[in-house]
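Take a moment with the sequence and the fold.

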Amino acid sequence: MPENAAKNDKTAGDKPGAQDFAHIGDSMSTWAKVANSVALVLLLGFSALFVVAMGSLPRIDGRHPVGGIQLKTTITRDSVGIPSIKAETRHDAYFAMGWVHAQDRMWQMEAQRRLGAGRLAEVVGEPGLASDRYMRTLGLYRAAERSLGALSEQTRSALQSYADGVNAWMSYNIHRLPPEFTILGTKPEPWTIADSMVWQKIMAMTLTGNWHDDILRAQLARTLDAKRLAELFPAYPADAPVTLSAEGGKALLDLSPEALRPTPASNVWVVSGARTHSGKPLLAGDPHLGFRAPILWYLAALEAPDLKLAGATVPGLPFHLIGHNGHIAWSFTATQADTVDLFVEKLAGESAYRATDGNRPFLTRTETIRVKGKPDEVLTVRETRHGPVISDLLAQGVAGKDEVVTMAATALGQGDTSVQALLLLNQATDWTGFLKAVKEVQAPVLNIAYADTAGNTGFFTAGRIPIRKSGNGTVPVRGWTGEGEWTGWVPAAKLPQSLNPKSGVLVNANNKVTGDKYPHLISATWSEGYRAARIRDLLGERRGLTIEDMMAIQADSVSLQAVEIKELLTGVEFKDPRSRDVAHKIAEWDGKADRDRAEPLIFAAWLNRLNRAILADELKDSFQAFERVRPQVLMDILTRRRHWCDNIDTPEAESCDDQIERSLDKALTDLDAAWGKDMKKWRWGAAHPARFENPVLGRIPLLGGMADLQVPADGDDFTVARAAYRVEDNATRFPQIHGAGLRAVFDLSDLSDSRFVIATGQSGNPLSRHYGDMLPAWSVNRLYRFGLDNKRSVLILERGR
């Protein structure tokens, strides 16, 4: 019998012999070798990746010869990575600011300029196309370029020095770029002055959100009668002449890229020396914007001849946006002025539109958008006398037949000197210099608070506010009739302003800045006044105020909105015993949205369900715009306009009490499923973490856990410690995605004792220890003094080739 046959001639009961084990052993040995080889390759790959990644961290100490620097410049960093720049010329100061921004935030700067220029698709492919089409249509980068000629030689020189510093860093570190460049397979082009200018245009559009409500009003006018529309928008004119199709209106709302979606809010207040412990003013500010990792802001100090600054900058610009210069301190909020209008234009053939003086041809331009991995896309942009035709971006009709929609916006203006205002503000030493600076602001419109070491306090609403021929800008208007035309700007002398008010206190938290007798329209709609009211309550008539008192107010998490609304919810007769007990618990609650309490979680879940139950049936697809609770609308419904509580989709009639009871019952059922039935373990902070997502690295497996940051948070959308959230998981999770990315308090008796904190860290690289090292301090509002520790690194830039 052949050997192989003998080996294979076994019965089912035969036991394996040594040779069988040998074969198995050989097989295992082979697989072990393969596994070891694969493991070795992976280890080497990860090691190489780690070396490359670690190589992307900046050099922060030693001496570095640099071409373009004039004299020795020192960059000293403290324990949290905040740089203090000391230069012997202003050119070198701005050069060094460009250097440190590039060191720590080069990818942020790259993404920012690509967003503004409509060039995201070049690096991310098709997902960036919609944003690029929108930005090319608006022409923000073109507007930035065309504003350069309006700047003074001093401003252009500072911007060029900054660009030189950015480019110098890139030239020495082209192989040590942040990981995003490697992952996306791109390298940065040289930085230009226009790259710095476009950030201001982006921010102007971000802080001007009224036009989204303009579209929403016009869209809802198709389905709601004028009375009900006025109940949702109290300022809505009953005879509004133009409406948009439901589909087209929604499409217009969806056009704006996520980065430009309006969610403006901020706090600022200043207290005169008569109310402080030191006898000099205190100024506190915390601007609110969308969260991301890293946060927008970057802290820095700068010293050069006749220039000494400390505070918050934005990578991409050399100037301090919020800070002090040893003489004055300033911070700001968004006014939320109505500086964007939509015009419905009547077509006159293929290439023209109607105007008051006859037909006019469209101005056209061609934009070529490069798309990674795809053919280039050619976009034809049409413009009228009012602005670009934004409805050309949509396939469906938006207005009536033979009509298009155009956008007029102060942010699209050419000859914009808003960036120059920052330079002048950085140099101002008194109220006169401050006024000269803020009068250069065009867009966005800002409420700027002021204090100086001489003891003066002030406030100025700065920016271009259009004067309209008619109407209040709350709805799209006919472009061919002349109605709604912008006839000029509110004169600077007539803009809201105050110097040394008798009360000794100036507060703004995006609330209304003028009384009803003010002769010009700033906005027909204003944000709720809860935060401003709470700040005033906390200040009261107190004397002897300190920096610590200001910080405590910034961290306050009592929601006056919750205090008001809960009174309307808890007086209902609840059938379910548990719901009755919970309603009593909410009634006894003091409104403090503390991360360690259950009441804020219950209230948020209850309120969001109630809001949906009342409005979603009638608003249909437009309800998304009302998903963020509008407290005044809701309270008006629960007290005076209770007909909204009836669900039009059901045969029976529901009362407001019915909706309140059902909403709480459902909220408790859903919270049980999400967090367990032991209510004592429910925590607002667990359901409401402050979430900072890295837009590139956070989407990559394994890296996301390192690049995305979060921490339990106090507050809600209406607390001084503002913590606006997104509703997730059937309204059982409410991650905070918007709030104070920066907090600052200035003591005019000793500006070196001023305090700052940002929400993440100075670095944009997750491998850096400064990527998220300020987050724990930020979460409890513990602010830092600049440079008061011994853990320092020193980098000296000196003249080289």
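At what angle do helix H17 and helix H20 pack, and how far apart are their axes? First, some ground rules. This is a predicted model: local features need pLDDT of at least 70, side-chain atom pairs count only at pLDDT 80 or more, and totals for chains, interfaces and linings use all residues. Residues are numbered from 1 along each chain as its sequence is written, and side-chain values use heavy atoms, leaving out hydrogens and water. Helices (H or I, at least four residues) and strands (E, at least two) are DSSP runs, numbered from the N terminus.

Now the helix pair. Two packed helices are described by the angle between their axes and the distance between the axes. Helix H17 (residues 560-569) packs with helix H20 (residues 631-639) at about 20°, and their axes are 11 Å apart. Here, axes are lines fitted to C-alpha atoms, for helices over the stretch in contact, and angles run from 0 to 180 degrees between N-to-C directions. H17 and H20 are therefore roughly parallel to each other, a label for angles under 35 degrees. Contact means heavy atoms within 4.5 Å. From H17, the contact uses Gln561, Glu564, Ile565, Leu568 and Leu569. From H20, it uses Pro631, Gln632, Leu634, Met635, Leu638 and Thr639.

Step back to the whole protein. It has 24 helices and 29 strands. Of its 801 residues, 57% are buried. Buried means under 20% relative accessible area, exposed over 50%, and partly exposed in between, with a 1.4 Å probe and protein chains only.

Next come the strands. Strands of a sheet pair through backbone hydrogen bonds, either parallel or antiparallel. Two strands count as paired if DSSP finds at least two bridges between them. Strand E10 (residues 340-346) pairs with E15 in the antiparallel sense over seven bridges. Val340 has Ala409 of E15 as its bridge partner.

Which residues of strand E17 lie on each side? Thr457, Phe459 and Thr461 are on one side, and Gly458, Phe460 and Ala462 are on the other. All are buried, covering both faces. Strand E17 (residues 457-462) has two partners to look at. Strand E16 (residues 446-452) runs antiparallel to E17, joined by six bridges. In the hairpin of E16 and E17, four residues sit between the strands, and Gly455 takes a positive phi near 105°. Strand E21 (residues 497-499) also pairs with E17 in the antiparallel sense, over three bridges. There, Phe460 has Gln497 as its bridge partner.

Helix H13 (residues 418-427) is mostly covered too, with nine of its ten residues buried.

Finish at a loop. Arg543 lies between helix H15 (530-539) and helix H16 (547-554). Is Arg543 buried or exposed? Arg543 is exposed, with a relative accessible area of 57%. Arg543 and Thr276 are 267 residues apart in sequence, and 5.9 Å apart in space, C-alpha to C-alpha. Not counting residues up to four places away in sequence, Arg543 touches Ala274 and Arg275.

Terms used. Parallel < 35°, antiparallel > 145°, perpendicular 65-115°, else oblique.
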